[in-house]
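Here are my notes on the structure, in numbered points. I hope they are handy to have beside the viewer as you go through the coordinates.

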Amino acid sequence: NGRSVAKLLGTLKTLTEENEKLVKENEALRRQKVEADEAKEFVKNFKKEYEARFEHMKTALEVFRSQYPGASNPASSIAPSLTSTTLRSRDERISELEKKIISLTESSSKKDVALKKYQKFYSDIKARSQRAKKNAIPLHGQKRGGTNMRYNALNAVQVQQQQQVQQQQQNK
């Protein structure tokens, strides 16, 4: 019996402690709920007050426009003619043009890269051609750039090889 009573008292103590924790949590949640409700009420009142002020300003502007019609009135020249459909169509047109600009820019950059490659290739070929012309040796009184240019370039290579062989023989 004594053990079971002690066990029951321990369980009762544990339950009491858990109950205290739950009560404290409940009180904290209630305070937070009250604060949230107050904030909602504040926002609701602010919204009502803002809508009332906006309607008052809108009516005052309409009254002003009707009292002072004409082109000299800056309030009447505000663009009421721009409806949401015209604005939407303008936005769509702008987005289409932006997409077109992007695609044209991309294709232009690709073409620029290809053009630079071709220009480099052309300048390399031109430089090689000029080097070949400089290295060509005229044969039998022919002028540089004659019809036997390829033969002259080959002849120049052969002459260089012969000179190298002669230098090697002299060095021995």
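1. Let me start with a charged pair: Lys-21 and Glu-18 form a salt bridge, with 4.0 Å between the closest N and O atoms. This is a predicted model, so please take the distance as a computed value. Both Lys-21 and Glu-18 sit in helix α1, three residues apart, which is about one turn of the helix.

2. How many salt bridges does the structure hold? There are five, and I pick out two further ones below. As background, side chains of opposite charge can pair when their charged atoms come close.

3. In helix α2, which covers residues 84–135, Glu-96 and Arg-93 lie three residues apart, about one turn of the helix. Glu-96 and Arg-93 form a salt bridge whose closest N and O atoms are 4.0 Å apart. On accessibility, Glu-96 has a relative accessible area of 48% and is partly exposed, while Arg-93, at 49%, also counts as partly exposed.

4. Lys-120 and Asp-124 belong to helix α2 too, with a spacing of four residues, about one turn of the helix. Their side chains meet in a salt bridge at 3.3 Å, N to O. Is Lys-120 buried or exposed? Lys-120 is exposed, because its relative accessible area of 52% is over the 50% limit. Asp-124 is partly exposed, with a relative accessible area of 30%.

5. Now to the rings. A search of the whole structure finds one aromatic pair. Phe-46 and Tyr-50 make up this pair, which is stacked, with 6.4 Å from centre to centre and 20 degrees between the planes. If you want to check the class, planes under 30 degrees apart count as stacked. Phe-46 and Tyr-50 are both in helix α1, four residues apart, about one turn of the helix, and both are exposed.

6. Which residues form the nonpolar patch on the surface? They are Phe-42, Val-43, Phe-46, Tyr-50 and Phe-54, with about 600 Å² of accessible area together. The patch therefore includes Phe-46 and Tyr-50, the two partners of the stacked pair, as the 5 Å joining rule for nonpolar side chains is applied to residues with over 30% relative accessible area. Phe-46 itself is placed in helix α1, residues 2–67.

7. For the overall picture, the protein has three helices and zero strands, and its pattern along the sequence reads α-α-α. Of its 172 residues, 5% count as buried. The protein exposes about 16,200 Å², and carbon and sulfur atoms supply 57% of that area.

8. Finally, a word on confidence. The average pLDDT of the protein is 82, and 80% of the residues score at least 70. Where is confidence lowest, and where is it highest? It is lowest in helix α3, residues 149–171, at a mean of 72, and highest in α1, at 92.

Technical notes: Residues are numbered from 1 along each chain as its sequence is written. Side-chain values use heavy atoms; hydrogens and water are left out. Patches are made of residues with over 30% relative accessible area and no salt bridge: like charges are joined within 9 Å, nonpolar side chains (Val, Leu, Ile, Met, Phe, Trp, Tyr) within 5 Å. Accessible areas come from the Shrake-Rupley method with a 1.4 Å probe; for residues, only the protein chains shown count as cover. Helices (H or I, at least four residues) and strands (E, at least two) are DSSP runs, numbered from the N terminus. Rings of Phe, Tyr and Trp (its six-membered ring) pair if their centres lie within 6.5 Å; planes under 30 degrees apart count as stacked, over 60 as edge-to-face and the rest as tilted. Buried means under 20% relative accessible area, exposed over 50%, partly exposed in between (1.4 Å probe, protein chains only). pLDDT is the predictor's confidence in each residue, from 0 to 100.
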